Amino acid sequence: MESNSIVMQIVQQCVNGIMLGSIYALLALGYTMVYGIIRLINFAHGDIFMVGAYVCFFAITTFHLPFFAALIVAMILSAALGVLIEKIAYKPLRNAPRIAVLISAIGVSLLLEYGGVALLTAQPRFFPPALGEVIFDIGGIIINGPQIIILAVSVVLMIALTYVIKFTTVGKAMRAVSFDAEAASLMGINPNRIISATFAIGSALAAAAGGLIGAYYNSIDPLMGVMPGIKAFVAAVLGGIGIMPGAMLGGVILGVVESFVSGFWSSTYRDVVAFAILIIILIVKPAGLLGKYRGEKV
Amino acid sequence: MKSKKLICLVAVVAMLTSLLSGCGQQSANDSNVIKIGVNMEMTGGAATYGTAAVDGLKLAVKEVNAKGGINGKKVELVIVDNKSDAAESTNAITKLITDDKVCAVFGPATTSAVLAEIQVSEDNKVPILAPLATGAIVTVDKGAVRPFAFRACFIDPFQGKVLAEFLKKDLAVKNVAMLVDNSSDYSKGIAAVITEDLAKSGVTVVANEAYLQKDQDFKATLTKIKAKNPQALVVPGYAEEAAKIVKQARELGITCPIVGADGWDSPILVEVAGAKNMNNTYFTNHYSSQDPDPAVRKFVEDFKAEYNGKEPSFAAAISYDGAYLLFDAIKRAGSADPEKITAALANTKDLQLMMGKLSMDANHNPLKSAVIIEYKDGKQSMKTKIQPN
Amino acid sequence: MNKMLKRDMFVLGICAVLFALFQLGFTFKIIGSFWQLNIILVCINIILAVSLNLINGYTGQFSLGHAGFMAIGAYVGAICTVKLALPLVVALIAGALFAGFVGLLIGLPTLRLKGDYLAIATLGFGEIIRLTVLNIPYIGGASGLTGIPRLTTFAWVFWLMILTVFIIKNLINSSAGRACIAVRENEIAAEAMGVNTTKYKVMAFTVGAVFAGIAGVLFAHYFYLVHPSSFTFMKSIDILTIVVLGGLGSMAGSIIGAIVLTFVSAVLASYAEWRMIIYAVLLIVVMIFRPQGLLGDKDLTERILNRLKGGKR
């Protein structure tokens with residue numbers, strides 16, 4: 001009976017971890033896309049996630065839209081926000097040193113967070129459980145409906161995104177810009193438009209994650225994007241930044257590791273372990289698990 | 001050059017602005033008014049309690065001013081936000097005492113913020129009345145009573161004992177699991193008292209887990225707890241996390257009773273957890289807004305009328321009583337001299353307040369009753385009221 | 001040599017006069033305690049900003065974990081005075097050494113990282129330090145370490161600040177400093193010219209960490225307690241904003257930035273969100289319109305001398 005219990009625990013923790021991981025994966029997809037194309041760690045990505053959650057929240061509570069319609073609205077508005085941010089805060093710094101655009105990104109992130117606090121108060125709001133409350137009990141292992149929906153959405157989006165990048169013209173243009181923006185422009189591609197499109201898609205993904213997470217945990221607050229943003233970045237780097245399946249892999253690994261740390265050690269060390277993974281990967285294999293290291297040329 | 005002028009301009013403007021704002025507060029103490037400083041968590045993690053406390057306080061001030069004030073002088077509040085941060089709490093009380101020259105400081109709401117301001121209050125000999133801070137260390141440090149610190153609520157050791165008794169007698173459990181908020185002194189303090197008390201009665205603690213504030217996902221830890229099969233789960237933390245813990249525990253199939261302490265009192269608890277999940281949960285509190293006592297009913301009605309139908313939480317209720325406690329002390333002191341007020345506070349005996357009679361004990365803690373609240377179908381109901389012994 | 005010595009003596013003299021003025025103001029209560037608090041904060045912030053500037057500004061290594069070094073200094077210093085009952089001097093030395101040691105530990109493995117990756121790694125380290133401290137009951141864990149005696153006085157803070165500025169300024173103007181600047185400008189070229197980039201990057205981290213540690217000890221011994229929540233990513237950003245505003249690579253800029261932003265922060269204490277919003281806008285605007293900050297990468301004295309001598313570089 002005892003060993004059964006340990007096995008059951010391990011399986012349940014794996015289940016917990018994969019579900020948690022799919023949330024990180026969803027956010028990591030957006031991060032990895034933007035970094036892959038313009039080499040920018042968009043610190044504000046986690047905060048667009050927060051904006052998406054709030055837009056979805058207001059769409060449901062004030063305008064009484066059904067959940068998926070609210071999600072689409074959140075995605076569209078966040079895409080617009082992402083494009084706007086890029087035009088105002090990142091475009092002027094395209095040719096500036098790396099540090100400058102990073103600092104600007106930090107500024108945007110803070111602006112969104114504390115602008116949110118100023119406008120919406122720091123009090124957490126109750127987000128209605130719009131994903132249903134079905135619970136499945138499979139031989140003692142518990143999985144609930146919302147977890148499956150989130151996992152499914154992440155997988156679908158990852159497949160869709162990989163398809164877009166590999167098989168469509170827009171995708172090809174994005175890959176071209178990521179290799180060499182100048183050469184791409186010589187080939188008739190408008191890098192500005194591609195970069196805007198990248199931000200739009202990335203932000204839409206973040207917003208979708210925000211709406212889903214809001215419905216899952218049932219509470220949102222203006223600073224909710226800080227930790228998930230950093231964790232998503234860890235996931236993206238772990239899997240290989242710039243690589244779509246890498247984001248998924250990194251997210252799941254991070255989720256499972258976190259669940260195991262919480263389940264078999266103590267949840268207070270969960271974040272320490274996440275950061276430790278980040279540093280280890282950066283030092284040992286900076287290109288990530290699925291990545292190839294591109295050496296720096298003079 | 002242009003930029004050098006710009007720099008000088010910016011520096012000068014910054015200096016001037018702060019100079020002006022500093023000057024503004026330096027105005028002479030208006031002796032027609034009794035100034036009470038309020039050092040509260042208006043933003044940050046403990047903002048629910050801080051803002052509710054200020055609501056209760058303001059209602060009390062409005063009432064007392066309508067009756068002519070204290071000793072013929074109106075009461076004026078000077079409110080500073082400590083942002084739920086200990087270092088800010090120190091800044092806040094420094095400003096209140098030195099700039100605003102208040103005669104007493106009300107607040108903060110949380111134990112750690114209070115600890116950060118005690119030294120300043122002692123250096124300046126100004127009393128502080130912490131309405132809701134339940135940590136024992138607020139008034140008694142290493143066996144010595146802090147001369148200028150007072151509170152208006154029961155202390156965690158009392159609360160912990162009440163909870164332990166409830167577990168042993170009412171729920172009759174033989175083992176429990178503890179899930180403690182490691183980022184909160186308050187949570188750790190209550191957990192320690194409960195564990196010690198249960199150990200003396202032979203109730204085993206089968207799991208001792210921890211989490212941090214702002215955590216969202218407790219499934220992994222709860223899975224670990226579930227495997228140990230506890231007969232009750234003790235979560236002496238704050239409402240924001242407790243709500244998610246209850247919800248996720250129920251989702252994982254943990255059906256045993258879940259109990260908590262006064263940190264649970266917040267509307268967000270049942271909102272986020274869901275009415276069904278909140279069945280079979282209990283928590284200790286300072287008061288119940290459902291208490292049929294006429295004084296409590298009147299307070300609840302007045303509060304609702306003042307604040308658009310908002311139901312007063314325990315933070316508001318205790319602060320209301322705490323305010324009257326302070327007013328009474330100022331009246332008996334006969335002046336706005338902080339040292340006289342301190343002496344008067346320490347001598348409070350059998351003062352009739354909304355929640356009952358209050359006397360200050362030798363450790364600057366009031367002897368007050370506790371209630372156990374149960375959730376039935378999403379509504380709070382008072383299960384029992386326990387008198388202090 | 002003589003000219004420089006004379007100049008340094010002159011500057012020292014001015015500092016002594018300033019010190020006397022402020023100290024008299026405090027002792028005779030002409031300057032209120034609210035002001036005293038902020039002037040001490042200014043000095044601590046100057047130490048933090050100048051040490052961060054060494055890493056970010058002069059060596060071009062984007063470090064976002066400065067609060068972590070400050071935390072180490074603060075906690076080690078507090079342990080010395082509270083748990084081991086040692087005097088402040090010992091606490092300062094211990095805090096500085098420990099912080100420097102950790103700076104060394106962090107500097108070594110992160111050498112290979114560039115730009116964004118380095119930033120995130122240092123952010124990660126800063127958080128690891130804070131989260132680890134949160135989990136150690138001996139130093140108070142999540143409740144923080146209380147009961148620290150207020151040993152920090154204006155004298156300590158002022159003269160340590162002068163010492164910090166003096167040491168780092170001399171470091172910058174030495175060959176080690178020029179090596180750091182070379183690393184900032186173009187690391188590969190510097191390496192090709194025979195500059196041991198590894199050595200200087202690690203040196204910058206370590207020295208920066210040492211002074212951040214000193215600032216931490218002073219901070220802890222003024223506010224009676226140290227709490228993990230005082231050393232979050234936000235604190236690192238506060239210091240970064242000061243350095244960015246003043247100008248990455250300008251010491252005078254860091255000093256002026258510290259003065260301006262400490263007072264802005266004090267004035268806006270009641271409006272926490274607005275303070276952060278202003279900081280955020282400041283960061284974005286400065287980066288877009290004046291990335292070299294208020295003072296750019298020229299020092300104030302240089303500019304004054306340039307103007308006096310008619311613009312000769």
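Chain B and chain A bury about 2,300 Å² between them, and carbon and sulfur atoms account for 49% of it; buried area is the accessible area (1.4 Å probe) that two parts lose on being put together, summed over both. The model is predicted: local features need pLDDT of at least 70, side-chain atom pairs count only at pLDDT 80 or more, and totals for chains, interfaces and linings use all residues. Side-chain values use heavy atoms, without hydrogens and water, residues are numbered from 1 along each chain as its sequence is written, and chains are lettered from A and ligands numbered from 1 in the order in which they are written.

The interface of the two chains brings 26 residues of chain B into contact (heavy atoms within 4.5 Å) with 26 residues of chain A. One salt bridge is found across it, the criterion being a side-chain nitrogen of Lys or Arg within 4 Å of a carboxyl oxygen of Asp or Glu. This salt bridge pairs Arg270(A) with Asp215(B), with 2.8 Å between the closest N and O atoms. Between chain B and chain A, 10 residue pairs are in polar contact, both residues at pLDDT 80 or more. A polar contact is a pair of N or O atoms within 3.5 Å; within protein, one must be able to donate a hydrogen and the other to accept it, and residues adjacent in sequence count only if both atoms are side-chain atoms.

On the side of chain B that touches chain A, at least two residues each come from helix H2 (47-66), strand E9 (204-211), helix H7 (219-227), helix H8 (239-251) and helix H9 (268-273) of chain B. Helices (H or I, at least four residues) and strands (E, at least two) are DSSP runs, numbered from the N terminus. H7(B) gives the most to this side, with seven residues. By class, the residues of this side are nine nonpolar, six polar and 11 charged; Ala, Val, Leu, Ile, Met, Phe, Trp, Tyr, Cys and Pro count as nonpolar, Asp, Glu, Lys and Arg as charged, and the others, Gly among them, as polar.

Within chain B, an automatic or database domain assignment gives domain 1 (33-154 + 293-368) and domain 2 (157-285). Their centres, taken over C-alpha atoms, are separated by 29 Å. Contact between them involves 10 residues from domain 1 of chain B and 12 residues from domain 2 of chain B. The two domains bury about 1,000 Å², with 62% from carbon and sulfur atoms. In domain 1 of chain B, the most area is lost to domain 2 by Tyr49(B), Phe154(B) and Phe314(B), together 52% of what that side buries. Between the domains there are zero salt bridges and two residue pairs in polar contact, both at pLDDT 80 or more.
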